[in-house]
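Subject: Structure handover

Hi,

Here is the structure I promised to pass on. Please open it and keep it beside this email as you read.

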Amino acid sequence: MTKKYITTAIPYMNGNPHIGHAMDYCLADVCARYLALTGNEVRFQAGTDEHGSKIAQKADELGVEVQNFVDEKAKTFKDFIAKLNVSYTDYVRTTDEWHERRVQEIWRKLKDHIYLAKYEGWYCTGCERFITDKEYAENDGICPDHLKPYEKLKEENYYLRLSDFKDDLRKAIESGEMLILPDFRKKEILKLLEESPDVSISRPVTQLKWGVPVPDDPSQVMYVWVDALSNYITVLGYPEEDISDWWPATAQFVGKDILRFHAIIWPAMLLGMGLSLPKVLVSHGMVLADGQKMSKSIGNVVDPNEVIDKHGIDAFRYYFLRHIDTFDDSDFTWTKFEDAYNNELANDLGNLVQRLATLAAKNGIKIGNDTNVSKLSPEYCELMDKFEFSKAFDYVWEKVQGLNKRIDDEKPWELAKNGETEKLEKCLTSLVLDLLQVNAELSPLIPGTSEKIASVFAGEINPPKTPLFPKN
RNA sequence: CGCGGGGUAGAGCAGUCUGGUAGCUCGUUUGGCUCAUAACCAAAAGGUCGUUGGUUCAAAUCCAACCCCCGCAACCA
């Protein structure tokens, strides 16, 4: 049994769960379920990112203790992940004591690549980041997002010497040793890598209190990314435990907006610790609303809870994994969602199960423990292995539609009328077995529905009493 | 001249590398069927393949120029 490790990006606790988080979880979950289905032992991480001054600030505004604030938020997210039916095995909160302790150990291991230096330049308190001279000039000294003038800042920070790793990193990305998907993101990262300066990885405690203290220097606190990125291995027990069974990760799922941290800083940290690089970084796109970015100011934000409540979690998973592009930005619209639900889930699949179950039950068909039903087709596996989830499910759907066509072509109801019992039995048995094979391929995508379908045909065949996908 | 992706039927996309009658899904129209969630199956209509020019017997596909959209750069996955 091969061991596989899948990770999700840990969301920052300054907002509520949104549709983008759901996208990340769904992709990783399909991957994890597929790997388990093909006989691998899978560990699957999820968690929450809870440090940083923005979170502290938010708690201040609300007049609550920071710890209480993140406890509350973290619970919201954990409930949300449960609602998505995500099959994670390991969960990390960056405020977990064991995480903080291990991050400090990681810092110690990186020490040869860390140096202290003075930064002098522009800073935006709103963005919480350093501003280059070029940016300063372009924006006439005023932050376009926060409409506040940049501040002159002089402070000491620790830096990670990225230049120690650039060559190795570039080779690893070019050769595919650390595969970045899709390919156009790989090109972007390679270019970005060349231009990347050393990264500041700490802030003075006077600026940032809510974080993990730098070991042996109480005046500095770790920059949140160092803390957050480490979660992928602290959750496995690093450095206290031997993680070589699980690391390097089989695949790490991230949004395109945070790919740069995962494709440059994170691998640099890993190389600094003498660990291997993740095998694959899967960068997915953003979910748009009518071609536009979802934003509070435009007011076009789609609440994932609303979508799930409308037609259930499997309809949600189905739409996001089949009709939202795995790698690039795509639209969510209610019309498209409803169309997919009615035409594909209810009419194609739901009705197929219903009609076939009814035919089989009426004619006394029984399916034994046929082992072939869980056999996955090579075409399907090939697409899944390449993380082409939406294409894989397109392929499966052709089979769903093919079964409907076969029923029409073979007309089992006529065979029944004509008393051709033997032929009828053969025809229906074959159809049911093929449906169960398709069902196995659907199980990573819509696990709940897949179980229901399996139970309909297990032993005595019982057609669903209520439709799998009811229409209103 | 920053780098990159893209402009193909009403919508979303494939086809472009390796030129040879323009394809898929949804939507629309019509026909068939009755096991089934007014579901299913079949057929039809619908396109100057961003613009202009070039190469070729032949261009969505190769070459050149131009126009338009988007990403890499905004709290956010």
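Below is what was found, element by element.

One point before the rest: this is a predicted model.

**The parallel sheet**

Strands in a sheet pair through backbone hydrogen bonds, either parallel or antiparallel. Start with an open sheet of 6 strands. Their order is β3-β2-β1-β11-β12-β7, and the pairing is parallel. Which strands sit at the edges? They are β3 (90-93) and β7 (179-181), and each pairs on one side only. From one strand to the next, the twist averages 20 degrees.

β7 pairs with β12 (residues 280-284) in the parallel sense, over 3 bridges. To find the place, go to L179, which stands opposite V280 in β12.

**Antiparallel pairs**

Now move to β4 (residues 114-124) and β6 (residues 151-160). These two strands pair in the antiparallel sense, over 10 bridges. Y119 stands opposite E155 in β6.

β6 also pairs with β8 (residues 199-200). That pairing is antiparallel too, with 2 bridges. Here L160 has V199 in β8 as its bridge partner.

**Two packed helices**

Two packed helices are described by the angle between their axes and the distance between the axes. Take helix α13 (residues 334-362) and helix α18 (residues 447-457). Their axes come within 11 Å and cross at roughly 10 degrees. Angles under 35 degrees count as roughly parallel, so α13 is roughly parallel to α18.

Which residues meet there? From α13 come L349, V353, L356 and A357. From α18 come I453, V456 and F457. By class, this contact of α13 with α18 has 7 nonpolar residues, no polar ones and no charged ones.

**Helix α15**

Last, helix α15 (residues 389-410).

Finally, look just after α15. There K411 takes a positive phi of about 40 degrees.

Best wishes

Key. Residues are numbered from 1 along each chain as its sequence is written. Chains are lettered from A and ligands numbered from 1 in the order in which they are written. This is a predicted model: local features need pLDDT of at least 70, side-chain atom pairs count only at pLDDT 80 or more; totals for chains, interfaces and linings use all residues. Side-chain values use heavy atoms; hydrogens and water are left out. Two strands pair if DSSP finds at least two bridges between them. Helices (H or I, at least four residues) and strands (E, at least two) are DSSP runs, numbered from the N terminus. Axes are lines fitted to C-alpha atoms, for helices over the stretch in contact, and angles run from 0 to 180 degrees between N-to-C directions. Angles under 35 degrees count as roughly parallel, over 145 as roughly antiparallel, 65 to 115 as roughly perpendicular and the rest as oblique. Contact means heavy atoms within 4.5 Å. Ala, Val, Leu, Ile, Met, Phe, Trp, Tyr, Cys and Pro count as nonpolar, Asp, Glu, Lys and Arg as charged, and the others, Gly among them, as polar.
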